[in-house]
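Morning, everyone. Have the sequence and the model up, please, and follow along as I go.

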Amino acid sequence: MRVLLVEDDDMLGRAVRDALKDAACAADWVRDGAAALHAASTQHYDAVLLDLGLPRKDGMEVLRALRQRNDAVPVLVVTARDALLSRVEGLDAGADDYVLKPFDMPELLARLRAVVRRKGGTATPVLRSARLELDPATHEARMDGGPAVALSRREFALLQALMLRPGAILSRSELEDRVYGWGEEVESNAIEFLIHALRKKLGAEAIRNVRGAGWMVSKD
Ligand code: CA
């Protein structure tokens with residue numbers, strides 16, 4: 001999935017960006033509120049990780065502006081431990097959840113998975129389609145109830161993109177958006193390569209190719 005990271009602190013931003021990458025998220029990092037709104041209007045994100053204290057529009061303004069333009073992207077607000085008021089204000093303004101600074105990276109990632117899951121309308125952590133299961137916490141997949149298969153970071157990101165919308169056809173560029181962040185070089189056949197690797201691990205029927213349109217996993 002693709003995440004917009006809005007954080008003006010260099011060290012923290014870098015740490016979170018790296019953790020997101022390790023967790024197979026394509027992460028785009030901006031450092032101020034105006035850049036965040038611009039990015040969110042030009043790119044579809046699965047979630048926004050939003051610091052509140054930001055230059056050029058603070059996080060609360062960003063959140064309000066997003067909701068005002070009917071952008072329902074899941075927003076996880078990052079706030080200081082003692083800022084009870086901003087937490088309440090943030091939730092009222094349309095945040096989906098918040099994490100307190102300083103936070104543990106595993107907690108941040110778990111909350112991120114949870115807001116994305118809830119927005120997708122599923123309460124269970126494991127993504128399921130007709131024949132596949134994918135566990136976002138372990139990056140393991142199963143086909144037809146078979147053994148759990150470990151996926152690489154990018155294999156996971158690609159399969160997750162398909163399994164968040166079973167039955168929908170995703171084009172190459174839509175999949176690239178989900179697997180690669182800004183500034184990451186994408187080889188022209190990278191998506192085919194990942195699909196091939198996934199089919200090899202899970203079986204050829206795991207992912208359907210719709211000629212000329214893209215790929216999908218079956219809904220039922
Ligand atoms: Ca800040």
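Predicted model: local features only at pLDDT ≥ 70, side-chain atom pairs only at ≥ 80, totals over all residues.

About 550 Å³ of space lies in the largest pocket. It has 21 lining residues, and the closest to its centre are His 44, Asp 46, Ala 161, Leu 164 and Arg 165. Where does the largest pocket sit relative to the two domains? Domain 1, residues 2-119, and domain 2, residues 127-216, both contribute to the lining, so the pocket lies between them.

A search of the whole structure turns up 3 cavities of 30 Å³ or more. The largest cavity has a volume of about 80 Å³. Its lining consists of Met 1, Arg 113, Val 116, Arg 117, Pro 125, Leu 127, Pro 136, Gln 160 and Leu 164. Note Leu 164: this residue lines the largest cavity, and it is also listed among those closest to the centre of the largest pocket.

Helix 5, residues 105-119, gives the most to the cavity lining, with 3 residues. Sorted by class, that lining has 6 nonpolar, 1 polar and 2 charged residues. Both domains take part here as well: at least three lining residues come from each of domain 1 and domain 2.

Is Asp 51 buried or exposed? Asp 51 is buried, because its relative accessible area is 4% and the cut-off for buried is under 20%. Gly 53 counts as partly exposed, at 45% relative accessibility.

Asp 51 also belongs to the stretch 47-51, which is strand 3. Strand 3 runs parallel to strand 4, and 4 bridges join them. Within that pair, Leu 50 stands opposite Val 77 of strand 4. Strand 4, residues 75-80, is mostly covered, with 5 of its 6 residues buried.

Strand 8, residues 140-143, pairs with strand 9 over 2 bridges, in the antiparallel sense. There, Ala 141 has Val 149 as its bridge partner.

Glu 140 is in strand 8 too. With a relative accessible area of 34%, Glu 140 is partly exposed. Glu 140 and Ala 150 are 10 residues apart in sequence, and their C-alpha atoms are 4.6 Å apart.

Leu 170 is found between helix 6 and helix 7. Leu 170 is buried, with a relative accessible area of 5%. Its C-alpha is 15 Å from that of Asp 46, a residue 124 positions away along the chain.

Last, the backbone. Most residues other than glycine have a negative phi, and most peptide bonds are trans. Here are some exceptions.

Which residues does a cis peptide bond join? Lys 101 and Pro 102, with omega about -10 degrees. Pro 102 has its place in the loop between strand 5, at 97-101, and helix 5.

Lys 57 has a positive phi, near 85 degrees. Lys 57 lies in the loop between strand 3 and helix 3, the helix at 59-68. This lysine is partly exposed, at 37% relative accessible area.

Asn 70 also has a positive phi, about 65 degrees, although it is not a glycine. Its loop runs between helix 3 and strand 4. Asn 70 counts as exposed, because its relative accessibility is 69% and exposed means over 50%.

That is the tour.

Technical notes. Residues numbered from 1 in each chain as written. Heavy atoms only, no water. 1 Å grid on protein atoms, 1.4 Å probe; cavity = no way out; pocket = protein on both sides within 12 Å on 5 of 7 lines; lining within 4 Å. Points joined across faces, edges and corners; volume = space filled by probe spheres on them. Helix = DSSP H or I, 4+ residues; strand = E, 2+ residues; numbered from the N terminus. Nonpolar A, V, L, I, M, F, W, Y, C, P; charged D, E, K, R; others polar. Domains from an automatic or database assignment. Buried < 20%, exposed > 50% of the residue type's maximum accessible area, 1.4 Å probe, protein only. Pairing = 2+ DSSP bridges.
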